[in-house]
Each structure stands twice: as structure tokens, then as C-alpha cells.
Amino acid sequence: MMTSFLLVNTALGIGILNFPAAYDQAGGVMYATAIQVIMVTLMISTMFILTYCSDVNGDRTYHDVLYSMCGKKGQQLAALSICLTLYCVCVATLIVIGDQLDSLLHSLYGTEAFCNRWYLKRTFTIPVTAILFILPTCFLKTVDFLGYIGSIGIFAMLYPVFLTVYGYFKLTPNNVHIKTRPDDLSGMFAMFPVLGLGYQCQEVVVPVYACMRDRNMCQFAKSSFLAMAFLFVVYSVTGIFGYLTFGTGVAHNVMTMYNPQDPFVVVGVGALVVKMIATYPILALCGRDAAAGIYAELRGLKPSEFAATELARRCSVAFVWFTSSLLLAVLTSNIGVVIKYMGSVASANIFIYPGICLLQVILQNDPDCSAPRSRFLAAYAILIAGVGAFCFGVVLLEAILGSSEAESPVHDYCPNKSL
């Protein structure tokens with residue numbers, strides 16, 4: 001049960017806000033659910049692959065497995081992809097803060113005041129909130145004190161589930177159009193980054209498995225199936241009820257679709273903003289350390305040299321990380337764009353690296369793949385890595401083409417004015 005909780009706590013995040021929009025892009029409830037079942041099945045298999053590979057050399061972290069199976073270069077590539085994923089999530093957290101403040105301030109002041117007062121716009125509210133509440137924590141060496149509000153974070157991420165069900169039975173939007181099939185094939189691929197972000201926990205699978213009291217594949221299988229089943233139900237409920245409520249007009253952040261003057265919504269908005277403020281420093285610290293590690297390896301720094309410049313490096317990396325992510329968040333008003341890039345990078349951690357690791361294990365034990373079992377596992381490893389490479393390429397291309405089309409927010413409060 002504890003293993004399942006750790007996996008769920010790692011995977012459950014801001015991706016849940018995008019599921020109703022993903023259901024729309026995938027072509028409706030039936031197609032979205034089918035894609036979700038297939039992808040979740042493949043993701044569970046990569047979790048088993050990582051635990052299986054960790055048993056070969058007794059590895060206890062994701063990076064150790066990659067080092068054992070793929071060498072130093074593979075480990076460095078994985079560190080880079082994890083760093084990029086964390087950076088994108090930091091940008092997304094700031095965008096979510098802006099979305100929630102937009103919704104709240106628009107409901108309080110009305111459209112005319114909201115669109116004409118500069119201090120109510122996200123170009124002002126996001127930087128002020130980030131500088132006051134987030135920036136001071138980014139320079140700290142540790143952010144252990146933020147663990148005390150972890151319960152608020154879990155509540156905030158589960159709140160959209162309640163809100164979508166509540167809104168489905170209470171709200172009656174006009175002109176709701178529900179798809180029964182995707183507009184085109186690329187629409188189905190648009191769901192991949194959302195699924196990757198929503199179910200991604202591969203980075204913690206190995207350390208969680210290593211800490212199990214009864215470390216074996218059978219026990220881990222029970223835990224992983226329980227965790228994935230819980231996530232599947234949570235995401236499906238959010239996606240189905242959110243999509244059936246708003247149809248093709250649903251926003252990429254479903255929370256912005258609800259009236260912030262409703263007491264139930266106000267609670268969710270407040271909890272979500274607090275969650276984002278608390279989440280950013282933790283992600284930034286992990287990303288900052290990963291970036292520092294990559295820098296040290298590229299420069300060939302000795303441990304003594306690395307320790308001597310720790311303070312200056314920490315402050316400079318934290319400042320660049322915060323400033324650049326804040327700038328991107330202000331310029332990118334649609335969280336869906338960021339999620340596409342996140343999903344593209346995450347596909348490497350979810351599929352490509354586990355596939356390569358499994359292939360290496362097979363080749364080490366049976367270089368010629370003479371046994372039928374070896375041939376089957378080698379073929380499956382190639383399939384998994386191929387799926388990851390396909391998702392990476394297609395989603396990245398779609399994200400680049402989509403950003404060139406300047407996707408605007410679905411929920412635009414000032415359609416004739418720039419936010």
C-alpha cells in the first residue's frame with residue numbers, strides 16, 4: 001500500500017487539469033479511453049522492465065540502472081531529459097497560477113475592468129506572485145519545510161475530480177458539442193503527452209522498489225497495478241465528466257471553466273495556487289542539482305572544486321532557472337503548449353530508456369538471442385523503444401507546428417485585447 005501511495009503521489013500532478021481537453025482532441029470518450037488503456041498497459045510493462053533490470057546489479061536508483069545498462073553517456077542523456085522535464089513542469093506551474101488568478105480576478109472585477117487594468121492581467125500577477133512567494137525559496141539549499149503542506153497538494157490535485165462531477169450535474173452550458181471520433185489522426189496523438197505527464201513515475205520506480213520490505217517482482221506487481229488502477233479511475237472521471245460538461249469548448253486547464261464565485265470553486269482555486277507555489281521550489285531544486293551535475297561532468301570538475309563553488313553555482317543556476325521559466329510562463333498563455341513539450345521529453349524516460357535497458361540485459365545473457373524467450377523480449381524491447389521514439393518525434397513536431405500557429409487560450413476573457 002505504501003509503495004502504491006508513493007507511485008500515485010509522484011504521478012498525480014497538473015496533468016489532471018488537461019485531461020478533459022485531451023479527451024476532446026482524441027475524438028471523444030470511447031477513443032480516449034481506448035488510447036489510455038493501451039498506453040497504461042505499455043507504461044506498466046516499462047515499470048516491470050526497470051525493476052527487473054535493477055535486480056541484475058542490485059541498483060537502487062533510475063540513474064544507476066541506466067549507468068549499468070547504457071553506460072555513462074546514457075546516464076547523462078537521461079539526466080538531461082529529466083532536467084528538461086522538470087523545467088517544463090516549472091513553467092506549467094506558473095501558467096496554472098496565472099490561469100487561476102485570471103479566473104478569480106475576472107469574476108471579481110468584471111470583463112471591462114479586468115481587460116483595462118494592467119495590474120489585473122497575468123503579465124503582472126504571475127511575476128508578482130512568483131517573485132514574492134517563490135523566488136526567495138529557490139536559493140535555499142533544501143526546501144524540507146515545504147513537505148508540511150503535502151496534504152494540501154494531494155487535496156488540490158484531487159479537487160478537479162470532485163469539481164468535474166459537481167459541474168456536470170449542476171451546470172448546463174449552451175451549445176455543447178461532443179465528438180464521437182477524432183477530427184484527424186494527429187488529434188489522437190495529441191493525447192500522448194497528457195498521458196505521459198499524468199502517469200509518469202518511472203524515475204522513482206527503482207528507488208521505491210529498492211525500499212520495499214519484501215523486494216520481489218510479485219509484490220511490486222500488486223503495488224503498481226493498484227497505483228495505475230487508481231490513477232486510471234481518477235483521470236478517467238475527470239476527463240469524461242469535464243468533457244461531457246463543456247464538450248469541444250473545454251479549456252486546457254479545466255479549472256478555468258468554472259465560476260470562481262462559487263464557494264466550491266474558490267476552495268479549489270486557493271488550494272491549487274498554494275500547491276503550485278509549494279511545488280515550484282521542489283522541482284527547481286531537483287532540476288538545479290541535475291543541471292549542476294551535468295555542468296560538473298562536462299567541465300570535469302573535481303569533488304573539491306565542485307564543493308568550493310557550490311554557493312555561487314546554486315544562486316546563479318537558480319536565478320537563470322527562475323527568470324527564464326517566468327518569462328516563458330508570461331509569454332505562453334496556453335498550458336497545452338507546454339504539456340506537449342513535456343510529454344515529448346517524458347516519452348524518453350517512460351519508453352526509450354527502459355526499452356534500451358531491457359535489450360542490453362537480453363544481449364548480456366544471450367548475445368545471439370538463440371532462445372525463443374530472448375527473441376521475444378528483444379523484440380518487445382525494440383517495440384517499446386520504438387513507441388517512445390515515435391511519441392517523441394510526433395509529439396515534438398506537433399508541438400512545434402502548433403506553437404507556430406499561436407494557439408490562444410480557449411478561455412479568453414479579453415478576445416479583442418492582448419493579455
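Helices are DSSP runs of at least four residues, numbered from the N terminus. The model shown in these views is predicted.

**View 1. Gly-15 in the loop between helices H1 and H2.** Helix H1 covers residues 2-11, and Gly-15 sits in the loop that joins H1 to H2. Gly-15 has a relative accessibility of 2% and counts as buried, because buried means under 20% relative accessible area. Setting aside residues up to four places away in sequence, Gly-15 touches Val-194 and Leu-197. Tyr-235 is 220 residues from Gly-15 in sequence, yet their C-alpha atoms are 9.0 Å apart in space.

**View 2. The crossing of helices H2 and H3.** Two packed helices are described by the angle between their axes and the distance between the axes. Helix H2 consists of residues 19-26, and its axis comes within 7 Å of the axis of H3, with a crossing angle of roughly 105°. H2 and H3 are therefore roughly perpendicular to each other, since angles of 65 to 115 degrees fall in that class. On the H2 side, the contact is made by Phe-19, Tyr-23 and Ala-26. On the H3 side, Val-29, Tyr-31, Ala-32, Thr-33, Ile-35 and Gln-36 take part. By class, seven of the residues in this contact are nonpolar, two are polar and none is charged.

**View 3. Cys-201 in the loop between helices H9 and H10.** Helix H9 spans 192-199 and helix H10 spans 202-210, with Cys-201 in the loop between them. The relative accessible area of Cys-201 is 0%, so this residue is buried. Apart from neighbours within four places in sequence, Cys-201 is in contact with Leu-7, Thr-10, Ala-11, Met-47 and Met-228. Met-212 lies eleven residues from Cys-201 in sequence, and the two are 16 Å apart in space, C-alpha to C-alpha.

View 4. Rolling a probe the size of a water molecule over the atoms shows where empty space is left. The count comes to four cavities of 30 Å³ or more. The second largest cavity holds about 70 Å³ of space. Its lining includes Met-39, Met-43, Phe-192, Pro-193 and Gly-196. Also among the lining residues are Gly-343, Ser-347, Ile-350, Phe-351, Cys-391 and Val-395. Helices H3 (29-57), H9, H15 (335-365) and H16 (372-404) each supply at least two residues of this lining. The largest share, four residues, comes from H15. The lining has eight nonpolar residues, three polar residues and no charged residues.

Definitions and conventions: Residues numbered from 1 in each chain as written. Predicted model: local features only at pLDDT ≥ 70, side-chain atom pairs only at ≥ 80, totals over all residues. Heavy atoms only, no water. Buried < 20%, exposed > 50% of the residue type's maximum accessible area, 1.4 Å probe, protein only. Contact = heavy atoms within 4.5 Å. 1 Å grid on protein atoms, 1.4 Å probe; cavity = no way out; pocket = protein on both sides within 12 Å on 5 of 7 lines; lining within 4 Å. Points joined across faces, edges and corners; volume = space filled by probe spheres on them. Nonpolar A, V, L, I, M, F, W, Y, C, P; charged D, E, K, R; others polar. Axes fitted to C-alpha atoms, helices over the stretch in contact; angles between N-to-C directions. Parallel < 35°, antiparallel > 145°, perpendicular 65-115°, else oblique.
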